[in-house]
Amino acid sequence: MLEAPLSRNFSHCTFVLRGFPSLQKHRRLLALPFSASYLLVLLGNSLLVYVICSVERLHSPMYLLICTLCFVDILVVTTIIPNMLLGFLFDWNEISLVGCLTQMFFIHFLSSVESTLLLAMALDRYFAICRPLRYNEIINSSMLVRLVLFTLVRSVSIMATLVGLAGSLQFCGSNVIQHCYCDHMALVSLACDSTSRSSAAGLAVIICFVGADIPIIFFSYMKILSVVLRSAAAGEDSRKAFHTCSTHLIVMMCFYLVGSITFLSHNLNIPIPTDINNSMGLMYILFPATINPIIYGVRTKEIRDSFLRIFKNRAKKIMTAKVSSAGKEKS
């Protein structure tokens, strides 16, 4: 790896990912919790996708949005964790500039898609609870098609611009990225020339997603909570509604707040230690992906009942097959 500054006519084509620099001696131990988290993400989200796809009565807009959210969670975590584990276990830390930019695009693109899905889910619940008579008129297949087009246009155009600006920079100094993956500002901070356009693009991303999505999500949940609390006849229903809405908001705030801080720490010169910045950069992606199957799966009665029904049917088929097999052997 190259640490000393080189000629400005030279630009690195290969970089070294160095996540958690102060814990390099214990990097193999770091692989254990992240491997466990990755397996939990794959298991929980895949199971939820399977249940929703298998049960026809769950093919409504809300559950399809949850299914898509789980699929996106699997993709974004897979974009980061396997490569990071290879670095921890086998010191395979090198990545080409093209590979780095590709990883950067998919991480930020999928995160922006997740933001749009959270927004869509909040609006879906708002119309279902606060405007039930207009729900079927507004939330339908054509709306889902428009949502897909809006997501693709917004996310692809903004993230392609962000990555394109980062790729146009010259990297003539250090080629060591102080992160576990190709974070936008972690790469841009290594550039020799002016990074003002890339920094402005980073701020634009926060404004377009966090600044636009968060107020709508927060307003939707506040309206939902107020309607439910007014209409709930029993105190238990009120507590359940409050707990559900507050849980959703806490997970969303973790996604948006922690993600924004890590994304803007370089732009705003926030003095965050590298290891903490690495942890926050992983937490805002891993934590929601790990906890979403519990919030939207285990805590949702329709999905929980469908899972139990599928499990019981499979167990019944296995027992029937074993009994049939034993009967044939005896005869």
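1. Basis of the note. This is a predicted model, in which local features need pLDDT of at least 70 and side-chain atom pairs count only at pLDDT 80 or more, while totals for chains, interfaces and linings use all residues. Residues are numbered from 1 along each chain as its sequence is written, and side-chain values use heavy atoms, with hydrogens and water left out.

2. The chain as a whole. Of the 331 residues, 46% are buried; buried means under 20% relative accessible area, exposed means over 50%, and partly exposed lies in between (1.4 Å probe, protein chains only). The chain exposes about 16900 Å², with carbon and sulfur atoms supplying 68% of that area. Accessible areas come from the Shrake-Rupley method with a 1.4 Å probe, and for residues only the protein chains shown count as cover. Contact means heavy atoms within 4.5 Å. Among contacts between residues at least 6 apart in sequence, 81% join residues at least 24 apart.

3. The sheet. The three strands form an open sheet in the order β2-β1-β3, with mixed pairing. Strands β2 (94-96) and β3 (176-177) are the edges, each pairing on one side only. Two strands pair if DSSP finds at least two bridges between them. Strand β1 (residues 14-17) pairs with β3 in the parallel sense over two bridges, and Leu17 stands opposite Ile177 in β3.

4. Helix α3. The 34 residues of α3 (residues 97-130) should span 50 Å at 1.5 Å a residue, and the end C-alpha atoms are 49 Å apart, which agrees. The expected span is 1.5 Å times one less than the number of residues. Because 26 of its 34 residues are buried, α3 is largely enclosed by the rest of the structure. Helix α3 also lies across β1, β2 and β3, running at about 85° to β2.

5. Packing of α3 on α9. The axes of α3 and helix α9 (residues 274-298) come within 12 Å and cross at roughly 35°. Axes are lines fitted to C-alpha atoms, for helices over the stretch in contact, and angles run from 0 to 180 degrees between N-to-C directions. The crossing is left-handed, that is, the near helix is turned anticlockwise from the far one by less than a right angle. From α3, the residues that meet α9 include Ile107, His108 and Glu114; on the α9 side, Tyr284, Pro288 and Tyr296 are among them.

6. Phe105. This residue is found in α3 and counts as buried at 18% relative accessibility. Leaving aside neighbours within four places in sequence, Phe105 is in contact with Val156, Met159, Ala160 and Val163. Phe105 and Ala160 are 55 residues apart in sequence and 6.9 Å apart in space, C-alpha to C-alpha.

7. Positive phi. Phe20, in the loop between β1 and α1 (27-54), has phi near 50°, a positive value in a residue other than glycine. Phe20 is buried, with a relative accessible area of 4%. Asp91 lies in the loop between α2 (61-90) and β2 and has a positive phi near 60°. Asp91 is partly exposed, with a relative accessible area of 36%.

Methods
Helices (H or I, at least four residues) and strands (E, at least two) are DSSP runs, numbered from the N terminus.
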